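Please open the structure in your viewer and keep the selection tool ready.

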Amino acid sequence: MTATHATRYLYLTRHGEATPDEDGLTPTGRRQAALLGERLRDVPLSAIHHGPLPRAAETARLIGDRLDGVPAHVCEPAGDYVPYTPHRDELPADSADFLLDFVHGFPPDERARGPLLARTAEERFTGPVNGPEDRHELVVTHNFLIGWLVRAALDAPKWRWLGLNQCNAALTVIRYPPPGRPPSVLFSNDMAHLPAPLRWTGYPPELRITS
């Protein structure tokens, strides 16, 4: 019997704006999450997966409050970690020092466990699905994992998760069709559901478009 595969639509979002102690969301972050939930109301989501940290869990809860009975699950691979530490010879010479200083600013134990979690996230969240029905899933996570999965979908070098920044509560969607066709990034870091005062939080100031 020939195996049947269907398309996976993976919806990715970074948590809403966090409080300074990162123990929850600011009022702006809560509003961002609620508006994203409104945007996703008509999407046939089968599940919400979220990282274990409070800012991701609260975002997932507020999104879920706007949906109709979509189950939410805490998931460590959806957490906050460094997915890959590059070697100098992989990097462009003119930015290698900057990128390596950034990555090595994270504790060694976090950098050691990150690649395993990233592999688990790819196994759990990416690729076509077995069976005849398309699947739509949301992962409420953090900046680095979204960059890692976008990089993987584009078959870019492993180090290229660096610099793929995500705004709070922005939306990225990746389509994984049945075997024989590559994945597609349908849109990335989309903030159409957020009014102007709620956009660009969590993004480096020098990269924001304000006009």
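In what order do the six strands of the open sheet lie? The order is S4-S3-S6-S2-S7-S8, with mixed pairing; strands are DSSP runs (E, at least two residues) and helices are DSSP runs (H or I, at least four), numbered from the N terminus. This is a predicted model, in which local features need pLDDT of at least 70, side-chain atom pairs count only at pLDDT 80 or more, and totals for chains, interfaces and linings use all residues. Residues are numbered from 1 along each chain as its sequence is written, and side-chain values use heavy atoms, without hydrogens and water.

Strand S7 (residues 171-176) pairs with S8 in the antiparallel sense over four bridges (pairing requires at least two DSSP bridges). Within this pair, Val 173 has Phe 187 in S8 as its bridge partner.

Now select helix H2 (residues 54-64), which packs on the sheet and touches strand S2 (8-14), strand S3 (45-50) and strand S6 (135-141). Contact here means heavy atoms within 4.5 Å.

Proceed to helix H4 (residues 108-125) and helix H5 (residues 143-153). Ala 118, Ala 121 and Glu 122 in H4 meet Leu 145, Trp 148, Leu 149 and Ala 152 in H5.

Finally, select His 87, in the loop between strand S4 (72-74) and helix H3 (96-103). His 87 is exposed, with a relative accessible area of 54% (exposed means over 50%, buried under 20%, partly exposed in between, with a 1.4 Å probe and protein chains only).

Definitions and conventions. Axes are lines fitted to C-alpha atoms, for helices over the stretch in contact, and angles run from 0 to 180 degrees between N-to-C directions.
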